[in-house]
Every structure is written in structure tokens, then in C-alpha cells.
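Work through these exercises with the model open beside you. Try each task before reading its solution.

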Amino acid sequence: LPLPCSACGTDAATMCRPGDAATSKPRWYQAAGGAVSEAEEACSDSSTKTTAPAPLLARRPRRRDTTTTQHSKQWWTVVLVLTLTNCSNFWHRNLIYALASASPRQCVAACEGAVFVPLCRTCAIDDAACATCQRCRAAHHGTAYSLRDAACVTDREYGVLASVAFTVTFAAAGVLAGGVADGFSSPFARTTLHAAAALAWSLASFVQVVAPRFDALVAARLVLGVAQGFNAPCAYRVLVDRVEPADRATANGVYSAGTYAGSALASLSLFVAIFVGWRLATAAATAVGLLAAGLLVAYLDGDPPGGFAESERRRPVLSKTQQKVSSPSLRQLQQMTSSSSSSSSKPQSSSSPRWTSQHRRPAELTRGRRRQ
């Protein structure tokens, strides 16, 4: 363990006994079998130096794998494609909430605070506000602006569409999707599964444009829940395959931004439906979903460009620790630990040094031992 000439100065009081020479080694070092070299003895003339000793276990700079450094710029393309897919996911999921609340822009003031009753039903006799809103929507083609007017969806049926029809299948699919995604050993198969899920939820949302009926909407929401359950497991597996560990936190942060972007677009769809109708708003969301599915196949097809093989990703976490153990400082620490344990079990001889409060090991080695 090389130490500077000022190793026994005031800054290393816990390493040496009071009164030790500037070039002498600490007692724990001599007990471990260390020897003072001629170059270190030549430092006796420079005992007036007050430079603080360098830490024995200095933190090493982060090193990146040389096989993946050349692809460090390509992970941004992967993350952006996955973020667009996640944005489409939440846009389609929350789209029905906005389309069910839309009405013609000429009737926004008349329907403010009124109970919504679809045009196929009759308002209560004593509810004048509901009747006024209903007449306004009928005069301005309310079926083109409100999904509930077009599909004749009551409040009870809307509750089924917004909750049970989606959440049950989404929760069940989310449990099974992780195992299915892990079961594919080929990155191409996982990418194809993710693209197929994006295609499925896009077409499921477009069903309401073709067949605006309650039974068709329920079937579409069921398919939507199953397809969107595969989004997160497939995306996280792709991030592991394509992004190196040093950049995964940033990649996950960018990917999570798609959640809020999709929810925001779903809210903006309400204003789009008020002006151009709910069918065009649904078509816009479907187009983005189809675009995301195409980009998944185009940019994530084939083997991962980052070079993260299965053997490297499944390598034990302790392998880097084992590499650090091969350094001379930690080897000395292991020898000292084994010698101290053997000396504690056997009676101390008069020639062997004893561990006392004056022979404390430095805090750097203590932290190194805990890290090991």
C-alpha cells in the first residue's frame, strides 16, 4: 500500500500512533506484512510537507463498455420511438372520456350545468335545462360531435365503458404480458409483439367510428385493455436490450413523459371534437397509433445495436465487485481480515501486535470492507 510522506501527519491521526515519524508506516500496515521501500525512506527529508494524503480507495471514474460506446447516440432514437408509442397508449386509453363530454360549440353555453341525456332518450318532465340542451344538440347535429349521442350511451352504460370494460382486461393482461415478453428470446419477436399490440389498440379505437353502438364499444374497450397491457412490459424489455446501464435512468425519464403527453392529447381531443367532430378526433389518434407501430418495426427490428448480449445482461452483479477484489488494496484488506480473525481465536503471543484503539484502520478501508 503506497503512502505519501505525510501519511502520519495531523490529517491521518487515526492511521498512526502519536509521535510516529512522517515516513513510518501505520501499525496496521506493518502488522499486515508491509515493508518500507527505499524510495519511501527517501521521503524523510521532506517531512515538512503538509499535503493531505490521498485516499487509499479513491473512487474510480465511471467507465463505459468499449463495445457499446460507439452506439451511445443511437439510444435516443429507441427512446423517442418508445415514448411516441407510450403517448399513443394513453391517448387511446383516455380518449373516450373526452369524446363523451363533447357537444356542438353552439350548445356549450346552453348545456352548461345541464344533465346529459342522449338524443335517443327523453329528459325528465321537470328538467328544463336538460330539455333545452337536448333541443340545441338536435338542431346542430349533435350525433356528429358527441359519441354518447351517436351511440345512444346512457350514464349507466358510460360507467361500464369507462371502468369495467377496460380495467378488468387491462389488469389481467398486464399480469400475463410480462411473462409472455420474457418468454421470447429473440429481440425481433419482442418488437413484433409490441408493434402488434400498438396496431391492435389503434384499430380497437377506430371501431367506434365504424360501428357506434354500445355492444361494439364494449368489445372495442375489451380489446383495448388486452392490447395496452403489453405496452409497458415490452417497452421496459426493449430499454434493457437497447440502452446501456449508464443511460437507463435518463431513458426511463423520457419514456415516462409519454404518459402525460398522451393524457394531455386526450384532453385536447375534447376541443377538437367540439369543432370538427368526434370521428376526426378518433381518426387522428388512430393515425398516431399506426405510425408508432410502423416505427417500432422500422427502427427496432433486428438485433440490438448496443451489443448487450444475453450473457452480458444476465451476468451476476457481483462480477464487478470480484474485479475490484483483485486490486492490491483489497487483497491486503482480505489478508488483514483473515489474520485478525485468526489472531482473535488464538491466544496472542508477545511478538504479534494487538489491535487496540490506537491501531484503528482508516475509514477508507472500513468503507471498502463494507462495500465488499
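**Exercise 1. The whole chain**

Describe the surface, the burial and the secondary structure of the protein.

Solution. 
- Step 1. Start with the surface. The protein exposes about 20200 Å². Carbon and sulfur atoms supply 59% of that area.
- Step 2. Keep in mind that this is a predicted model.
- Step 3. Turn to burial. The protein has 372 residues, and 38% of them count as buried.
- Step 4. Look at the secondary structure. The protein holds 16 helices and 0 strands.
- Step 5. Check the contacts. Take those between residues at least 6 apart in sequence: 79% of them join residues at least 24 apart.

**Exercise 2. A nonpolar patch**

Find which residues make the nonpolar surface patch of about 590 Å², and which helix gives the most to it.

Solution. 
- Step 1. List the members. They are Leu 268, Phe 271, Val 272, Phe 275, Val 276 and Leu 280.
- Step 2. Assign the helix. Helix α11, residues 248–276, gives the most, with 5 residues.
- Step 3. Pick one example. Phe 271 is found in helix α11.

**Exercise 3. Salt bridges**

How many salt bridges does the model have? Examine the partners of Arg 137, Arg 148 and Arg 190.

Solution. 
- Step 1. Count. There are 5 salt bridges.
- Step 2. Take Arg 137. Its side chain meets that of Asp 149, at 2.8 Å from N to O. Arg 137 lies in helix α5 (residues 128–139) and Asp 149 in helix α6 (residues 147–151), so the pair ties together parts 12 residues apart in sequence. Both Arg 137 and Asp 149 are buried.
- Step 3. Take Arg 148. Its salt bridge is with Asp 155, and the closest N and O atoms are 2.4 Å apart. Arg 148 has a relative accessible area of 7%, so Arg 148 is buried. Asp 155 has 47%, so Asp 155 is partly exposed.
- Step 4. Take Arg 190. Its side chain forms a salt bridge with Asp 241, at 2.6 Å from N to O. Arg 190 sits in helix α8 (residues 187–210) and Asp 241 in helix α10 (residues 231–242), so this pair ties together parts 51 residues apart in sequence. Arg 190 and Asp 241 are buried.

**Exercise 4. Positive phi**

Where do His 141 and Cys 152 lie, and what is the phi of His 141 and of Cys 152?

Solution. 
- Step 1. Recall the background. Most residues other than glycine have a negative phi.
- Step 2. Read the angles. His 141 has a positive phi of about 55 degrees. Cys 152 has a positive phi near 55 degrees.
- Step 3. Place the residues. His 141 is in the loop between α5 and α6. Cys 152 is in the loop between α6 and α7, the latter spanning 155–183.
- Step 4. His 141 has a relative accessible area of 59%, so His 141 is exposed. Cys 152 stands at 22%, so Cys 152 counts as partly exposed.

**Exercise 5. Cavities and a pocket**

How many cavities of 30 Å³ or more does the whole structure have? Then find what lines the largest cavity and the second largest pocket.

Solution. 
- Step 1. Count. The search finds 7 cavities of 30 Å³ or more.
- Step 2. Size the largest cavity. Its volume is about 100 Å³.
- Step 3. Name its lining. Among the lining residues are His 92, Leu 95, Ser 205, Gln 208, Leu 217 and Arg 221.
- Step 4. Trace the lining to helices. α4 (75–99), α8 and α9 (214–228) each supply at least two residues. The largest share, 4 residues, comes from α9.
- Step 5. Move to the second largest pocket. About 250 Å³ of space lies there. This pocket is lined by 16 residues; Ser 101, Ala 102, Ser 103, Cys 111 and Phe 116 lie nearest its centre. Helices α5 and α11 each supply at least two residues of the pocket lining.

**Exercise 6. One cysteine**

Is Cys 136 buried or exposed, and which residues is it in contact with beyond four places in sequence?

Solution. 
- Step 1. Locate the residue. Cys 136 lies in helix α5.
- Step 2. Apply the cut-off. Buried means under 20% relative accessible area. Cys 136 has 13%, so Cys 136 counts as buried.
- Step 3. Find the contacts. Leaving aside neighbours within four places in sequence, Cys 136 is in contact with Gln 106 and Cys 107.
- Step 4. Check one distance. Cys 136 and Ala 110 are 26 residues apart along the chain, and their C-alpha atoms are separated by 7.4 Å.

Note on methods. Residues are numbered from 1 along each chain as its sequence is written. This is a predicted model: local features need pLDDT of at least 70, side-chain atom pairs count only at pLDDT 80 or more; totals for chains, interfaces and linings use all residues. Side-chain values use heavy atoms; hydrogens and water are left out. A salt bridge is a side-chain nitrogen of Lys or Arg within 4 Å of a carboxyl oxygen of Asp or Glu. Buried means under 20% relative accessible area, exposed over 50%, partly exposed in between (1.4 Å probe, protein chains only). Contact means heavy atoms within 4.5 Å. Accessible areas come from the Shrake-Rupley method with a 1.4 Å probe; for residues, only the protein chains shown count as cover. Patches are made of residues with over 30% relative accessible area and no salt bridge: like charges are joined within 9 Å, nonpolar side chains (Val, Leu, Ile, Met, Phe, Trp, Tyr) within 5 Å. On a 1 Å grid over the protein atoms alone, a cavity is a set of points where a 1.4 Å probe fits but cannot get out, and a pocket is an open set with protein on both sides within 12 Å along at least five of seven lines; lining residues have an atom within 4 Å of a point. Grid points are joined across faces, edges and corners, and a volume is the space filled by probe spheres set on the points.
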